[in-house]
Amino acid sequence: MEDFVLVVLVLAVLWLFIRTRGRAADRRKLAEHNDLIGRLHQRVLLLEEAARAASPATQQPVAEPIVRGGPFPAAVVATSAEQGVPQLLEPLVVAQTVAVPVSVSVDAVPQDIVLPMPSAPYETASAAEAAELPTEIPAAHVPPPPPPPKRHVSFEERFGQNWLNKLGIVAVVIGLAGGLGLLLRTIGPAGKSAIGIVLSLAILGGGILLERKQQYRIFARALIGGGWALTFFVTFALYHVDALQVLQSQTVDLVLMLIVAAAMVAHSLKYKSQVVTGLAFLLAFVTVGISHVTMFSLVAGALLAVGLVYVVAREYWFELGLAGLVGVYLNHFLWLHRVLPDGGQPGHPFPGFIGSAALLLFYWLIFRLFYVLRVPKTRTQELVSSFSAILNSVGLLSLLKYQSSHPEWAFYGLLTLGVVEFVFAFVARRRWRGAFIVLSSIASILLLAAVPLRFNGSHWTLLWLLEAEVLFIAGLRMKEIVFRRLGVIAGFVTTAQLLVAGVAPLVDFRQVQADATHHLHLGITLSAAAVLFWFNAEFCTRRWSFIVADEIDRAGLGFTSYMALGVATLALWVFFPGAWTILAWLVAVLVLAWFADRLSSRNLATQADILAAGAILRAATVNLFVTDHWHGLSLRAITVALSGVLLYVAMRRKTRAHGIVADYIAPAYSWAAAALIGTLLWYELEPIAVAIAWGVFGLLLFEVGTMLRRNYLRHQGYALLTASFVRLWFSNLNVGDASHFLSPRLYTILPLIAAYFWVYQRLHAEEQRAEFPVSSFERNAGVVAAWFGTVAASALLYFEVRPDWVGIAWALFALGLIALGWWLQRTLFVAQSLVLLLAAAVRELMFHLFSPEPLATAFTSSRVFCVGAACALMLLALPLAFRVRSQLAPQAAAKSDWRRYTLFRPEQPFFFTPLVLIAVLLFIQLHAGMITMGWGVLGLLAFLFALTVGERSYRLAGLSLLMLGVCKIIIYDIWRISLTDRFLTLIVMGAALLLVSFLYSRYKETVLKFL
């Protein structure tokens, strides 16, 4: 009991606080109106004074003074003027029509507030009279003083006059209602009832008498509310409270309560005060709730509810209706709490279940009828009314659940309530739209909540989908935005339920163990949801474009379309588990792409890209690591290869995704397919076969791209060829098999070399044709491919040829490249020949000259043979090098960098490289004075060859060798070597120098030409 009283007191305090704030707002509004009236009055006085100042000095007949609101005798006017009442006199000078509208709404002023009245009545001027008022005030006139400041009501005054009286009457009524039978123990029921009636009537009568006086009006109205509340309780107690029971018939007591309730309503309406009426009903609910313990005692609450609804509907007091709604359901809950101490449990026996449910439905019905039939006038009233409607349904369902004794009735109850709410929604649709929106939303929620109570498993989710689609189609056909939005929201709720109750447990299960079950029920439900969502978002928006006229609807249906993608993705994952999921997703990508082109839908195009990205990610994380077999075939090879094919097919889509302008579809999908297939080759093939597979695949893409004029395919070919080139260094070059005539190294690298040079040749041929312009990237790609071929061939020679013959092989290769460059007139091969020339020289220096000579089993393995053979091959290239120089002479003339003396004059490297190698070989192979003789002979031969070819650099090289020999003789030979060697060296060197001198003299004119 104490808890109940405390709850009611809290509600009362909150209610009074809300109403007090409302009254304060009314006071502020009234003060603003009074201030406006005062300022207008001051302006009228100024206009009259201005008119008198502007009138002529001559005497004119003065009309009878007229006061606005009707003519009065002059004596009355004079008297009023003496008393300080402002007057409006005629005639006035007409300047411009001025309308001074002043209106104060009497209805907006609460009855509790007394308006200050003037000492003499007057009215504002009419429109015709206001036309005579001047609109401008003379500049010399002094402005009027400001209006007096508004009186501020302090918190202490407000608390003492307004709040304390209400708190006091609440305490008195509750005390009398609860303690009347306990305090008066020596008096019988009749005496106690009589005392209660006298006290209640005394409080009521005192309030009525005091209400007539202005200064006690607020206090008196609190007494009136408390008096009526106590009167209703005493009437109720005449039969239902043992300590005050004097009646033996419930019917008589019910009639009396009806009479008292009607009188309370009628009398409270006299004052037009929501505070008085609310206080009366609130205290009446409190007093009834103190002691009722039987089912019949709830009838008093029902009577109060009916009276409350009547008052609220008549006076548009929606806040009072909300408070009454809370009071009705709270009283019923407290009664149920007494009857069912443990709370309602499913199947719990409850004899009063039918009566309690009937009363709850009665409460719900009267408040629902009020909500449907009474249209709010302001935005605040609409918000309060809608909140009350929602709270009405919440209170009904909560208490029905609390007292549940027949859970098997829940489905039918929710279904019936949902249908009735829809009926009320359509009734309210003709009156005001807010009620239609709220009630149709409540009805949809009730129908959705009813389905799981009747059906189990995933079947009831299908019913949710059906209900959502019915709402959407109904909104579509009726052009009712509320139903369409409810259908979309119901779809969101259904999707959330599917994810939480259906998909999440399956994800956890498949993470623990392999699952090949298709889960048809869940898959079918998800598929149906995806189809319906796509139908609503993509087809309906094109067939009935008005459904996306609003930004909210457009965003909601757009989200529905993407939600359909997620649901469809999960459905395919449920249907096709494991490695087969990626194929199902990519088939769905093709379907989405087809519909995107047919409907010109960027949403579907974007979803296709998202699903394709998900498939690629799944392939990279799942399919590439699958090791199972299907009918003897690798499941990884089957799924990933088919995925690549499907991605290539998806290139045909035309519609682009959101936010992308460039034509990205074919390049993106083809790159993804090439990456998948290339990675599959890595996992499925033997290590030595990966490079050649990549090379063949890259060459195929290059040829297809060339044929179809698709650069992105050619670029993929370049990437694969590059990958094959890198791969052969880690796998193919390190593989050898002496048991076979052809090692795996040969038959895996030679095709790649051919592929590289083929790509180069195709690109060079395109460059030569003017009708097919080649970009700089393509041109550079061809050059890189040619270098790949040359480097791969050189590496193959390194591994396949005997180690002591590698330099010879590279020198021979350099000879062939310079021959090819001269024949094809391409500087690329000349550059490659120079690089190989340098490589051969370094090889000979490091392997033969600067390292100890190995024990040779044959002359062909000796240092002299290997270095000599390499140098001979280099010198054999000189005729070709001179011809290349002639070919490149026009280009060399325009160059001034290092290429002028290397690339465009290859005869220089091809002469000086073997010359240096032979000079070093002579230094290593000969001893003492023989080295000097060898250098002298070599210098003489170089000089003779220079005269033959007419090359000055060669002649200087020969002279340098001769001078090197002379320096060696002077510095070393004559001091260190034997006498015989010393004389022999001097003879040979002297003969060589004489011969050179003779040749200079003999061919002086020829030599001068080359200087």
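# Briefing: a helical chain and its packing

Gln-825 is located in the loop that joins H27 to H28; helices (H or I, at least four residues) and strands (E, at least two) are DSSP runs, numbered from the N terminus. Please keep in mind that this is a predicted model, in which local features need pLDDT of at least 70 and side-chain atom pairs count only at pLDDT 80 or more, while totals for chains, interfaces and linings use all residues. Residues are numbered from 1 along each chain as its sequence is written, and side-chain values use heavy atoms, with hydrogens and water left out.

**The chain as a whole**
- The secondary structure comes to 36 helices and 4 strands.
- Of the 1011 residues in the chain, 46% are buried; buried means under 20% relative accessible area, exposed over 50%, and partly exposed in between (1.4 Å probe, protein chains only).
- Among contacts (heavy atoms within 4.5 Å) with a separation of 6 or more, 73% link residues 24 or more positions apart.

- As background, most residues other than glycine have a negative phi.
- Gln-825, our opening residue, has a positive phi near 60 degrees, and its relative accessibility of 60% means that Gln-825 counts as exposed.
- Arg-709 also has a positive phi, near 55 degrees, and sits in the loop between helix H23 (687–708) and helix H24 (711–730).
- Arg-709 counts as partly exposed because its relative accessibility is 44%.

**Helix H29 and its surroundings**
- H29 covers residues 863–876, and its 14 residues reach 20 Å from the first C-alpha to the last, close to the 20 Å expected; the expected span is 1.5 Å times one less than the number of residues.
- Its buried residues are Arg-863, Cys-866, Val-867, Ala-869, Ala-870, Cys-871, Leu-873 and Met-874.
- These buried residues pack against helices H27 (806–824), H28 (827–849), H30 (878–887) and H32 (907–925).

**Nonpolar cores**
- The largest nonpolar core holds 74 residues, and Tyr-756 and Phe-910 have the most contacts inside it; such a core is a set of buried Ala, Val, Leu, Ile, Met, Phe, Trp, Tyr and Cys residues joined through side-chain atoms within 4.5 Å.
- Leaving aside residues up to four places away in sequence, Phe-910 touches Ala-814, Ile-818, Ser-833, Leu-834, Leu-837, Met-874, Leu-875, Ala-877, Leu-878 and Ala-881.
- Another core, of 61 residues, lies apart from the largest one and includes Ala-530, Ala-584, Trp-585 and Leu-680.

**The H20–H22 pair**
- H20 (residues 602–621) and H22 (residues 665–684) pack at an angle of about 10 degrees, with axes 11 Å apart; axes are lines fitted to C-alpha atoms, for helices over the stretch in contact, and angles run from 0 to 180 degrees between N-to-C directions.
- H20 and H22 are therefore roughly parallel (under 35 degrees; over 145 is roughly antiparallel, 65 to 115 roughly perpendicular and the rest oblique).
- From H20, Ala-608, Asp-609, Ala-612, Ile-616 and Ala-619 meet Tyr-669, Ala-672 and Leu-676 of H22.
- By class, this contact has 7 nonpolar, no polar and 1 charged residues; Ala, Val, Leu, Ile, Met, Phe, Trp, Tyr, Cys and Pro count as nonpolar, Asp, Glu, Lys and Arg as charged, and the others, Gly among them, as polar.

**Two residues in other helices**
- Phe-232 belongs to helix H6 (residues 217–240) and is buried, with a relative accessible area of 0%.
- Phe-232 and Ala-263 are 31 residues apart in sequence and 10.0 Å apart in space, C-alpha to C-alpha.
- Val-507, in helix H16 (residues 481–512), counts as partly exposed at 29% relative accessibility.
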